[in-house]
Amino acid sequence: MKKKRNRNSAQGVWIFGDYRNYFQDRVTLQLISKGRDLAQTLETEVAVLVLGEGIHQYAMEYVAHGADVIIAVNDSRLKEYQVETYTTVVAEIVESYQPEILLGGATSFGRELFPRLAKRLNTGLSADCVALEIDPDSGLLIQTTPAFGGEMLADVVTPNHRPQMATVHPGIFKERPHDSSILGRILYPEIDIRPDERIQLVRSRPHRTGKTNLEGADIVVAGGRGMGPKEEFDMLYELAELLGGEVGATRPAIRAGWADEERLLGQTGKTVKPKLLLSLGTSGALQYTAGIQGAETIIAVNRDPNAPIFKMADLALEGDARSIIAALLEELRKRL
Amino acid sequence: MKDTESLISAHHNYLVNNVLTPGFILGDPSSKDTFYLLADVVLPGESTPRFSARLFDNRGCFLLELDWNRIRRNSGRCPYQSLPGGFRILYDSGDPLLSVRTESFPNGYLTHIQGKLYDQNAKVRMETSYAGIRVYGEAQLSIQVPYQPK
């Protein structure tokens, strides 16, 4: 028989710190902001659980964005994410500290980790929530989530089990501004970490693919040779995330390994018809423009004033695309 | 479950006993002739940690006084070297005494300290450990505001 946790002893609104991917980590900051609202209603604190190695900079960032407490496990055995090890460690900590609420991003990590956690903790989980509120009468977390294929929204509560768990899609909540003046608390639980011996991690590397929806995107951020090297090209992923769009690429960028083949635009790639297309560091070769001529508005950036792309652009910016995008990103981040 | 608790600054921290802290003090800075090490709080807008100290060697002999990262009295003839992001003080022999390096993040700083420090009784008060330092003896491991002399 599974132990029913005493819901009266639970306290604290916890968020799982999903720092491994910068884009995903914005959802941690967004959840801290929402967590503060929930915690204020419940008259408790908001805490962020951070696991890994070298996690201190993220802990500081979370405090700056409003976390009252950081619960940190800084250990080399957690450097690489392994779902079973993480599930075990998080479950042990949660069982010991008994938070009232545990939130996570509906990201690749969250979608893998949270169902396992919920099962391990014998509690409920609402996935991909679009709203979270505290019921004024019961004090329960109302977890609003799409149901029946998105045809309706369901309000779900977890009346008898703790923690009340939910994942939230990035962008639902707004993060608070960074405040360097904040002091928080940090707890380092003493926990025995036992890596899952059934699995040996041989190698890990970032893999920027997954389901792209270039053909259906309203906004496409397309990068070419002028956006290299890779570290610079990677800015486009953040830009696309912030604009709610998708990243496309020219053949030279694909060949250079800056983007996956599935992001190729043009004659031998995808044809897109977005409302807005940003064509950055692309010369405008026919093989490429064949795939973008259906765009409603094209903004092109290239340092060559004679680049063919400028002939089809609605707005042409002559300059270094990388510098312009870096400045644009800085401005967009301020507006989040 | 046991845990260790500390304060954490959103802006700048030191790593002591594998724990973040905005500032810490070993010993008593107000004393006239005994060991101390003050790693002071760094306020938003600043990026340089401030160290003050009175240091001794492993026989309990006075070496030097450090006042806001500057050597004042230097009986031990210890060389001071500026380094990228920090500084280093050596024994006259050239062996390392104290080294400080500040790591910059997009929105904050973490200062790493290394060295083995002794007090006037030749007792170890600080030594380098994995990822930071271990400290012993009289200490305030979390100070919230810049130190004010009594």
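## Helices H3 and H4 of chain A

H3(A) and H4(A) are oblique to each other, a label for angles that are not under 35 degrees (roughly parallel), over 145 (roughly antiparallel) or 65 to 115 (roughly perpendicular). The model is predicted: local features need pLDDT of at least 70 and side-chain atom pairs count only at pLDDT 80 or more, while totals for chains, interfaces and linings use all residues. Residues are numbered from 1 along each chain as its sequence is written, and chains are lettered from A and ligands numbered from 1 in the order in which they are written.

The complex has an ipTM of 0.90 and a pTM of 0.73 from the predictor. For chain B the average pLDDT (confidence in each residue, from 0 to 100) is 92, and 99% of its residues score at least 70.

Helices (H or I, at least four residues) and strands (E, at least two) are DSSP runs numbered from the N terminus. The expected span of a helix is 1.5 Å times one less than its number of residues.

| Helix | Residues | Expected span | End-to-end C-alpha distance |
|---|---|---|---|
| H4(A) | 14 residues | 20 Å | 20 Å |

The axes of the two helices, as lines fitted to C-alpha atoms over the stretch in contact, lie 9 Å apart at an angle of about 50 degrees, on a scale from 0 to 180 degrees between N-to-C directions. Their crossing is right-handed, meaning that the near helix is turned clockwise from the far one by less than a right angle. Contacts (C-beta atoms, placed from the backbone, within 7 Å) involve A:Val83, A:Tyr86, A:Thr87, A:Val90, A:Ala91, A:Val94 and A:Glu95 on the H3(A) side. On the H4(A) side they involve A:Glu112, A:Leu113, A:Arg116, A:Leu117, A:Arg120 and A:Leu121.

A residue is buried if 20 or more other C-beta atoms, placed from the backbone, lie within 10 Å of its own, exposed if 12 or fewer, and partly exposed in between. Buried residues of H3(A) include A:Tyr86, A:Val90 and A:Val94. Their cover includes strands E2 (46-52), E3 (69-74), E4 (101-105) and E10 (183-189) of chain A, along with helix H4 (108-121). In H4(A), the buried residues include A:Leu113, A:Leu117 and A:Leu121.

Elsewhere in chain A, A:Gly244 sits in the loop between helix H6 (235-243) and strand E12 (246-249). A:Gly244 is exposed, because 10 other C-beta atoms lie within 10 Å.

Key
pLDDT = per-residue confidence, 0-100. Contact = placed C-beta atoms within 7 Å.
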